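Visitor: Could we go through this model together? I would like to begin with the strands and then move on to side chains.

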Amino acid sequence: DMFNHALVKSSYQYNPVQGQFELYTAQHYLPGEEVFLNYDPKSNADYLMQYGFVMDNNSHDHVGMLASIGSDAPFYSEKEMLLKQLGQTMTEPHKLYVDGLANRSLHSIRVLCAESHEMQV
């Protein structure tokens, strides 16, 4: 393990001429100071599985969910058409964040759960 994660501006690339990886940061480091690398925005599940840690107050932390209904459900075709008009599909994945669902996901789930009296024009 050579670098720990922090929310810093950093990048790296392989230099084939030198035969080494080179790290670039926007921060100045003093000799002996720990250098950090940004592992990119990920959910805590990804950080845990890939790197063995989680972050407090991770704004990218989410749980994936899929909301769908069967093709034999009432008003299936109408719901499918309405979602298409919203630029969505019947099987679109959603992300539940600590502060809730995005409006796009809320709209989709609302359409999928709409009852007959709500679907009448």
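Visitor: How many residues lie between S6 and S7 in their hairpin?
Guide: There are 2 residues between S6 and S7 in that hairpin. Please bear in mind that the model is predicted. The two strands, S6 and S7 (residues 100-101), pair in the antiparallel sense over 2 bridges.

Visitor: Which residue stands opposite Tyr97?
Guide: Tyr97 has Gly100 in S7 opposite it.

Visitor: And what is the strand order of the open sheet?
Guide: The order is S5-S6-S7, an open sheet of 3 strands with antiparallel pairing. S5 and S7 are the edge strands, each pairing on one side only.

Visitor: Over how many bridges do S5 and S6 pair?
Guide: S5 (residues 62-66) pairs with S6 over 5 bridges, in the antiparallel sense. Val63 stands opposite Leu96 in S6, and Met65 has His94 of S6 as its bridge partner.

Visitor: Let us turn to charges. How many salt bridges does the structure hold?
Guide: The structure holds 2 salt bridges. In one of them, the side chains of Arg104 and Glu92 meet with an N to O distance of 2.8 Å. That pair links distant parts of the chain, 12 residues apart: Arg104 belongs to helix H3 (residues 103-113), and Glu92 to the loop between H2 and S6.

Visitor: Is Glu92 buried or exposed?
Guide: Glu92 has a relative accessibility of 13%, so it counts as buried.

Visitor: Which residue forms a salt bridge with Glu118?
Guide: Glu118 forms a salt bridge with Arg110, and their closest N and O atoms are 2.0 Å apart. Glu118 is partly exposed at 33% relative accessibility, and Arg110 is partly exposed at 48%.

Visitor: Back to Arg104. Which side chain has a polar atom 3.4 Å from the backbone oxygen of Arg104?
Guide: That is the side chain of Gln88, which has a polar atom 3.4 Å from the backbone oxygen of Arg104. Gln88 lies in the loop between helix H2 (76-85) and strand S6 (93-97).

Visitor: What does Gln88 touch, leaving out residues up to four places away in sequence?
Guide: Gln88 touches Leu83, Arg104, His107 and Ser108 on that basis.

Visitor: Why does Gln88 count as buried?
Guide: Its relative accessible area is 6%, and buried means under 20%. Gln88 therefore falls in the buried class.

Visitor: Ser108 was in that list. How far apart are the C-alpha atoms of Ser68 and Ser108?
Guide: The C-alpha atoms of Ser68 and Ser108 are separated by 9.4 Å, while the two residues are 40 residues apart along the chain. Ser68 is located in the loop between S5 and H2.

Visitor: What is Ser68 in contact with, leaving aside its neighbours within four places in sequence?
Guide: Ser68 is in contact with Met90, Thr91 and Leu112. Its relative accessibility is 45%, so Ser68 counts as partly exposed.

Visitor: One last matter, the surface. Which residues make the nonpolar patch of about 400 Å²?
Guide: Tyr12, Tyr14 and Phe21 make that nonpolar surface patch. Phe21 belongs to strand S3 (residues 20-25).

Visitor: Why does Phe21 count as exposed?
Guide: Phe21 has a relative accessible area of 60%, and exposed means over 50%. Phe21 is therefore classed as exposed.

Key
Residues are numbered from 1 along each chain as its sequence is written. This is a predicted model: local features need pLDDT of at least 70, side-chain atom pairs count only at pLDDT 80 or more; totals for chains, interfaces and linings use all residues. Side-chain values use heavy atoms; hydrogens and water are left out. Patches are made of residues with over 30% relative accessible area and no salt bridge: like charges are joined within 9 Å, nonpolar side chains (Val, Leu, Ile, Met, Phe, Trp, Tyr) within 5 Å. Accessible areas come from the Shrake-Rupley method with a 1.4 Å probe; for residues, only the protein chains shown count as cover. A salt bridge is a side-chain nitrogen of Lys or Arg within 4 Å of a carboxyl oxygen of Asp or Glu. Helices (H or I, at least four residues) and strands (E, at least two) are DSSP runs, numbered from the N terminus. Buried means under 20% relative accessible area, exposed over 50%, partly exposed in between (1.4 Å probe, protein chains only). A polar contact is a pair of N or O atoms within 3.5 Å; within protein, one must be able to donate a hydrogen and the other to accept it, and residues adjacent in sequence count only if both atoms are side-chain atoms. Contact means heavy atoms within 4.5 Å. Two strands pair if DSSP finds at least two bridges between them.
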